[in-house]
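My notes follow in the order in which I made them.

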Amino acid sequence: MPAYLSERVLMQLTLLIAGAALLVSTFGTEFQALGAAQSPVFFPRIILSLWIGLTLIALIQDVVRREGVAAIDKVGLLIVFVLAALVYANLVTRLGFMLSSVPFAVISLWVFGVRNPLAIAAYAVAVPGVIVLLFNHILKQPLPVSPFSHLF
Amino acid sequence: MFAALPDAIALLLTNEALLTLLFGTVLGIILGAMPGIGSTVAVAMVLPFTLSMGQAPAILLLLAVYAGSVYGGSISAILINTPGTPQSAATCFDGYPMAQRGEAGKALGWATIASVIGGLVSAVVLLIAAPQLAAFALNFGPVETFALILLGMTCIVSVSSGSLVKGLLAGVIGIFLASVGGDPVTGQPRFTFGNWQLISGFNLLAVVIGIFALSEVFIRASRKPEAVSELAAFRGIVLPRWREWAGRKAGLAKSVLIGNVIGVLPGTGAATAAFISYAEGKRSSPRKEAYGTGEPDGIISSEAANNAVTGGALVPTMALGIPGDAITAVMLATLTLHGITPGFRLMEDNPTLIAAIFAGFFIINLLLLPLGMALGRVAAPILRMREAYMMTGVVLLCAVGIYFVRGNPFDLMVMGFAGVLGFLLRRQGVPMAPLVIGMVLGPTLELTLRQGLILKKGDITLFATEHPIAGTLFVITALALAFPLVRAWLARRAADA
């Protein structure tokens, strides 16, 4: 990768493209009937124009300064963790809090460097279990349960 | 409002309110003591649980967690040389050296008393200043409100950490995120791209928790665990004797004043106040040579100022609806969710609630003393907890919290993606506070601008020429924008010379 294409520059480019695409999307026909301040896209257009302008300045600054960002210790593990968090957020309401939290906790503890299987298993079961017990059975504010049992 | 104090005190003496104050302060101290959690994450994590509470207990819980966490940060700063919150970073300079000398209990004693006094004075400032400021803003129309929000946001960006451009960009992204969904004037959906879930917009709490709490977990997962200093020997907090205060009271008063003044200014925050106060203490203290070697004056400078900020930051939040920092922005969002619009009308229409909040804030700061004494020893073992267990717990609690907001699976996904966005932006040096403040203030900014333009028949120059207050605020906004540029230019000139 060329030296000028740093992570910062790529991020600014992504923001620039996103801002431009959003601005273009405001020129759809459905908003044409209303003018000036009464138009629903009047304010967003100002904001998106600022977005693009500021991103351009930040992009130029980043290209000129060539500042790096903090190195990621283990990229692979981080990607696994972020994906696990997103999948977890998606599964909480489908599989229930307990069933989705246990595997997530196992992955999370592993990513953060815990290697003792007993500690991982104990934490992954006990902490979500205590949370379920507390909310479902003591506070009576039920968390999502699995399709298999109303208990967890 | 003072007439409502008896009713407010009666409200505070209910079991629910007392338990809330107690539980919130305990939770705040513990969360604040945990390195990596911090005040903003602590308040964001507690926030969803307030939705099932009444207005007063909900706000009191957040205030208790806020004030408690600012104090709690000093525990880890002194015992393991790692500030639990950024506000306590300056406390490490003298707190840890004292702890290494075997005076950890004494150092925490100085921190506790300084925090309590700073917090109590700031509660009084809040009680006096907020109604005055709100009364001044009583005649503000949409044009003045627009100018005020613009100024508030500019101040926040100008003085927040990092580059001005990136701060502004964060604010703009936040305002844009708030504009997704139904248009506030016509109701037409914007930027929904056919997704019906987006018609009501992004859930603010899901974004806030993702941006602050989840992104913090991602950042910690991306780097090697920090080396933590050895836990200092500690056998409980030892309060300083009266005679030990000789020659230190003026320094304490100065730090409290600095904290209150900085707290009222939008965007500066407790960390800035603590460092400015520490620097001033180091300049003017009779024991300035001892700063950095375990001098109690250093702890007093930092802790009195950072706790004094808490009440000060609430002044513009409660009086004008302009948050002083990211934490008060989160609180402002909670107020809105509870149907409370801060400002003079609130003080006129619901004085009991306001008096209860202000009096409750005073009680919270009083509680810091006994609870700090009691929890100091309990919190110490928590500092030994591995980051892995703490961060995994944070994610689980974030999921629980967001689920309780509306029970909507879409909000959980929003939280996840906001976490990724926060992680990516923070890596590029983009500050997160302006993003959240932009999201909180964006709808009002848009509404007031459009109302003003409709009133002035599209002529924006009339905003300044026909509205002297707004005109003055625009000038101050321009100066606030120019301030970092001038400061950088002066620094370059000084470096060249």
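The entries below start with conventions and then go through the structure piece by piece.

**Conventions.** I am working with a predicted model, in which local features need pLDDT of at least 70 and side-chain atom pairs count only at pLDDT 80 or more, while totals for chains, interfaces and linings use all residues. Residues are numbered from 1 along each chain as its sequence is written, and chains are lettered from A and ligands numbered from 1 in the order in which they are written. I took helices (H or I, at least four residues) and strands (E, at least two) as DSSP runs, numbered from the N terminus.

**Contact between the chains.** I looked up how many residues each chain gives to the contact, where two residues are in contact if their C-beta atoms, placed from the backbone, lie within 7 Å. Chain A gives 50 residues and chain B gives 50 residues. On the chain B side, at least two residues each come from α8 (164-179), α9 (204-222), α16 (387-406), α17 (409-427) and α18 (433-455). I noted α16(B) as the source of the largest share of that side, with 12 residues. By class, the chain B side that touches chain A has 31 nonpolar, 10 polar and 9 charged residues. For these classes, Ala, Val, Leu, Ile, Met, Phe, Trp, Tyr, Cys and Pro count as nonpolar, Asp, Glu, Lys and Arg as charged, and the others, Gly among them, as polar.

**A:Pro44.** I found A:Pro44 in helix α2 (residues 42-65) of chain A. A:Pro44 is buried, because 24 other C-beta atoms lie within 10 Å. The cut-offs are 20 or more other C-beta atoms within 10 Å for buried, 12 or fewer for exposed, and partly exposed in between, with C-beta atoms placed from the backbone. Leaving aside neighbours within four places in sequence, A:Pro44 has contacts with A:Thr26, B:Phe176, B:Ser179 and B:Arg190. I also checked A:Leu22, which is 22 residues from A:Pro44 in sequence and 9.2 Å from it in space, C-alpha to C-alpha.

**B:Ala170.** This residue sits in helix α8 of chain B. I count B:Ala170 as buried because it has 27 other C-beta atoms within 10 Å. B:Leu435 is 265 residues away from B:Ala170 in sequence, yet their C-alpha atoms are 4.6 Å apart. Beyond four places in sequence, the contacts of B:Ala170 are B:Leu425, B:Val430, B:Pro431, B:Met432, B:Pro434 and B:Leu435.

**α3(A) and α4(A).** How do the axes of these two helices cross? Helix α3 (residues 75-95) and helix α4 (residues 97-111) of chain A have axes that come within 8 Å and cross at roughly 170°. Axes here are lines fitted to C-alpha atoms, for helices over the stretch in contact, and angles run from 0 to 180 degrees between N-to-C directions. I therefore list α3(A) and α4(A) as roughly antiparallel to each other. Angles over 145 degrees count as roughly antiparallel, under 35 as roughly parallel, 65 to 115 as roughly perpendicular and the rest as oblique. Residues of α3(A) that meet α4(A) include A:Leu77, A:Phe81 and A:Tyr88, and among those they meet in α4(A) are A:Phe97, A:Phe104 and A:Ile107. The residues of this contact are 13 nonpolar, 2 polar and no charged.

**α6(B).** The 33 residues of helix α6 (residues 104-136) of chain B should span 48 Å at 1.5 Å a residue, and the end C-alpha atoms are 46 Å apart, which agrees. The expected span is 1.5 Å times one less than the number of residues. I noted a kink of about 30° at B:Ala129, shortly before the proline B:Pro131. The bend at a residue is the angle between axes fitted to the seven residues ending there and the seven starting there. Of the 33 residues of α6(B), 27 are buried.

**α12(B).** Helix α12 (residues 296-320) of chain B has 25 residues and should span 36 Å; the end C-alpha atoms are 37 Å apart, which agrees. A kink of about 30° is centred on B:Val309. In α12(B), 25 of 25 residues are buried. B:Gly321 follows α12(B) and has a positive phi, near 75°.

**Positive phi outside glycine.** B:Phe193 has phi near 50° and lies in the loop between β2 (189-190) and α9 of chain B. B:Phe193 counts as exposed, because it has 9 C-beta neighbours inside 10 Å. B:Lys457 has phi near 55° and lies in the loop between α18 and α19 (461-465) of chain B.
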